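Student: I am new to this structure and would like a close look at one part. Please start there, then connect it to the rest.

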Amino acid sequence: MIVLFAAGLFAVNAIPKESTPEIKIPLGIVTTILPGASSADVERLITDKIESGVLGVERVSKVTSTSGDGVSSVSVEFDANADIDKSIQLLKDAVDKVRPELPTEALAPTVTDVNFADQPILIVSVSGNLAPSELTALSETVSEEVKRVPGVSRVAVSGVRAREVQVIVKADRLQQYNLSLSEVTAAIRSAGVASPAGAITVDGVNYAVRFESGVATTDEVAGVAIAGPGGVALHVRDVADVVDGLADASSYSRVSVDGEPANPSLTLSIFKSRGGNIVQTGQAVEKKLEDLKATTLTGTDIVVSYNGAEEVNKSLVELSRVGIETVILVLLVLLITLGWRESLVAAASIPLSFLIAFIGLQASGNTLNNVSLFALILAIGILVDSGIVMVEAYHTHLLKHGRKMDAAIAAIREYAWPLIAGTFTTIVVFVPLFFLSGIIGKFLFSIPFTVIFVLLASIFVALGFVPILSVFFVKAKLSPLEQKQEHYNRVAHEKYRAFLKKFLHNKKDQKRFLISMIVLFFIALALPATGIVKSIFFPSEDMDYVYVQIEKPQGTDLAVTDLSVREVEEILYVNKNVESFVSEVGSGSLFAGGFTGPSSGSNVANITVNMPKNNAQTSAGFVTELREEFSGITSALVTVGEPAGGPPASSAVSVTFSGDDLDELSATADRAAHILSDIPGVVNINSSTKNSSAEFVVSLDSAKATELGVSPLTVADTLRTALFSTKATSIRTGTDDIEVLTKLDLNPAYADPSETRHATIDAVRNLTVVGTKGPVPLSSIATITYESAQSSINHEAGDRITTVSADVAPTANVVEVTNEFERRFTDDMLGKGVVKKQGGATEDIAQSFTEMFLALIAGAALMLAILVLEFNSFRHSFYLLLIIPLSLIGVFFGLAIVNQPLSLTSMLGVIALAGVIINHAIILMDSIARIHRENPNHTLEEVVIDAASTRLRPILLTTVVTVVGMLPLALSSAFFGPLAIAIMFGLAFSLLLTLVLIPMLYYRWPGKSVRAKFSETQTP
């Protein structure tokens, strides 16, 4: 026992700790960047080719994609049971085969797998009275320091601009010297050549010879020579301004604390290594930041908007508190009913079982996270049953025989096999949870793993350690309190015997009881069907922070988006529930990005709003409050949300339309969004039609271009450099390379290099393209038209799609909203060639609930196999299984009473409940068989009444202890509370089924063979 105790403590300390299970889902994402390309060009040149290449990859089940301005993202989903590492490698091989078909301007495609644990463990913002260049330098220093912390995999930085050298070519100088943009770029690029030339032998010694002609400073870039007209040597400075500064801003970041105006900041999103300990890594990063305050970060303000390590610690403390409260409540119940020595022995089975289970969890590579911690709390109410049964049996035999060893042996002999059978019936009901599909199955995987380890440990402790501890601690002599307890036990025993005898003699009462159970069962099933008990996917957990998403029309400039963000900030400044907030312009929220991360672009922004600690306002209530306050903002779409409980999931409502015509898809999606907006309780409506924008299309007249000696490639290169920029070379520094980019001064009056593209379309028309016959105005060989476009084009299985999604307010029901939408959106609203597919949380709920139901059926089938082996009777086994569906009466009525929705976690409670109640019924049924063997002359009625009455106290004890043990969990966790509530009410109702229904069924319909045995033993 001491060795196991020490090994268990070591395992508790050694087991990795994280916030959520590290889920590797069978999903690969192929990202390809084609800078400056429109979404239509990305679709045609990149996405279509990659999709064709990956559709044939082994075990691919679904391919979706998004083609945006300059970027293609193809998501490849594999079969749920596919080997993710092998699948990702096959995907990489397929992409490599397609790569030669992609444009040369495209960057190399990257293939990544998705891991639910790839979320930041810390989001830290640093602000101070610093210039943009100083913020950039500070971000480089701090991020490098943080990356060195053990366990940190990467650090993402936002709110700063990378250092960059921009060569802004003057259009009038190009015309003056008869040069082209590409000649300037080529001159700078050729000046940066460095390569090995060969080797030379001098005096018998070989020396390598390396040719180097590079640029190391801004002045050297400006001094690069260019061949001018007539062979005259020019320099870059003669035709361009060379600016050693910062890249164009792609994001802004600001911090506000205690209602003070927000200051510019840099924001660090810190990620841990896969499989790392979030608590240790988070604490190490916090220490590093604390150390940097005395040096690098002196004079700056640091705001931690998200601390995953703190969340895990909070969960550990909270669940540990719940566990301690549960143990205390168990002790109190046992103390009141059995005695203090017996209660201590029974309660000792809890920590002993946990420590042994931790050895198995640590050895099997599991981690300690919110889900496994919850499973441990859940297991407390289940594992203590075996200890209570053994202690109660020992207590009874000790009073009967008076000898400790005899009492221990008798207790083991009497209940060893029933307890083993009961434990394994509870185990097998959790086994099918291993086979739940998709993200949900992987997220919940640690629950059956943990519970099974704990249950196996509990039966080992109950049969091995509890009798030993009882022999040492439990005494035969009763104290005055224990004498009173025995007296009340006898009173309850006799009253129950009297009730049961009367009930078994009254067939009318039995008939009424059966009819009542049947009627209540169907009423209970009607509660979720009619909406009295609402259905949701995962319940929300109360958090200390919420997020705000701000979205402007596609193409909106970053500075214009920032103006809308400042509108939101003005409201947050005066809100008393706001302690601090961090604004990021140019990126969506990390907490609302789903699998592939947040959206990004100059038209989106997010604000992470931190609430004061121990704030009375719940996060759900705060979200509702902010939605009302932001409703007056019309300059942008503002949505508010809280981090979802459980793994990444679909929006509450999601409707997908597929077809070839983008206009028809857009019109159909608009109609669907309009209908959703009219349904009460629908919030955060999001339609992909918001991606519609416009573009200028440059159409080349090939005949004129050929006549004037201008190639399409030259036109494309000129446009690209003028409108986007082209990398010419890099300046190598000690640690990083500084990119040197060439661009054109479309706006000669620019004040900042980022403003060179702030011009009219006439500036593009007036571009000069150099051909073989000299410079040619672009307007003479091409026409420019204004056309509508989609900034984002989505595919599924190669078909174009558009999606309308929405969330529902806490007062609404997702199933009711979905049904109402289906009623209002008729087939005539579909565009020509458009097909509709319903998805979202309703689909997720239906699939997950179906799988949960099938898991319960599979568990019941495995239970049946064990019960038949135990009792050698299908009839009696079915009697025991009957109480499982009937226990739903207590579950559904209980959820209705406390106004809790039916969720995936409450369905888990039903599965756990099945294992607990069947355990009670097994011991009762085994007692009937045992008493008949020991008393062959007793009648069937006497055997049933004797067995039921002797099991009254342990069944009452285990039921009350489990119900009371679930109470702290029900009150402390909004996420897992519904599970505890389902067990509490279901188990309380099952008390009636176990103590009344099972004896009645066995007495009324024992079976021919059993009735024949009783007839034989009672024949003179």
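Student: Where is the place of Ser725?

Tutor: Ser725 sits in the loop between helix H23 (712-723) and strand E23 (726-732). Helices (H or I, at least four residues) and strands (E, at least two) are DSSP runs, numbered from the N terminus. This is a predicted model, where local features need pLDDT of at least 70, side-chain atom pairs count only at pLDDT 80 or more, and totals for chains, interfaces and linings use all residues. Residues are numbered from 1 along each chain as its sequence is written, and side-chain values use heavy atoms, with hydrogens and water left out.

Back to Ser725. Its phi is positive, about 125 degrees, although Ser725 is not a glycine. Most residues other than glycine have a negative phi. Ser725 counts as buried because its relative accessibility is 12%. Buried means under 20% relative accessible area, exposed over 50%, and partly exposed in between (1.4 Å probe, protein chains only).

Compare Asp258. Its phi is near 55 degrees, also a positive value in a residue other than glycine. Asp258 belongs to the loop between strand E13 (252-257) and strand E14 (263-272). Asp258 is exposed, because its relative accessible area is 59%.

Now widen the view. The protein chain has 33 helices and 30 strands. Its C-alpha trace spans about 135 × 75 × 65 Å along the principal axes. Of its 1020 residues, 52% count as buried. Take contacts between residues at least 6 apart in sequence: 79% of them join residues at least 24 apart. Contact here means heavy atoms within 4.5 Å.

Ser65 counts as buried because its relative accessibility is 3%. Ser67 is buried as well, with a relative accessible area of 0%. The side chains of Ser65 and Glu51 are joined by a polar contact of 2.6 Å. Ser67 has a side-chain polar contact with the side chain of Thr47 (2.6 Å). A polar contact is a pair of N or O atoms within 3.5 Å; within protein, one must be able to donate a hydrogen and the other to accept it, and residues adjacent in sequence count only if both atoms are side-chain atoms.

Leaving aside neighbours within four places in sequence, Ser65 is in contact with Thr47, Glu51, Ser73, Val74, Ile793, Asn794 and His795. Ser65 and Gly798 are 733 residues apart in sequence, yet 8.3 Å apart in space, C-alpha to C-alpha.

Next, helix H21 (residues 662-677). H21 has 16 residues and reaches 22 Å from its first C-alpha to its last, close to the 22 Å expected at 1.5 Å a residue. That expected span is 1.5 Å times one less than the number of residues. At the start of H21, a side-chain oxygen of Asp661 comes to within 2.8 Å of the backbone nitrogen of Asp663. The buried residues of H21 include Leu665, Thr668, Ala672 and Leu676. The buried residues of H21 pack against strand E20 (653-658), strand E21 (682-687), strand E29 (799-808) and helix H25 (814-824).

Helix H12 comes next. His397 has its place in H12. His397 counts as buried because its relative accessibility is 13%. Its side chain makes a polar contact with that of Glu414 (2.6 Å). Beyond its neighbours within four places in sequence, His397 is in contact with Gly402, Ala407, Ala410, Ala411 and Glu414.

The whole structure holds 5 cavities of 30 Å³ or more. The second largest cavity has a volume of about 50 Å³. Helix H12 (370-401), helix H29 (904-934) and helix H31 (952-972) are the elements that give two or more residues to its lining. Among the lining residues are Asp385, Asn919, His920, Arg951 and Thr958. The lining divides into 4 nonpolar, 3 polar and 2 charged residues.

On a 1 Å grid over the protein atoms alone, a cavity is a set of points where a 1.4 Å probe fits but cannot get out, and lining residues have an atom within 4 Å of a point. Grid points are joined across faces, edges and corners, and a volume is the space filled by probe spheres set on the points. Ala, Val, Leu, Ile, Met, Phe, Trp, Tyr, Cys and Pro count as nonpolar, Asp, Glu, Lys and Arg as charged, and the others, Gly among them, as polar.

Technical notes: 1 Å grid on protein atoms, 1.4 Å probe; cavity = no way out; pocket = protein on both sides within 12 Å on 5 of 7 lines; lining within 4 Å.
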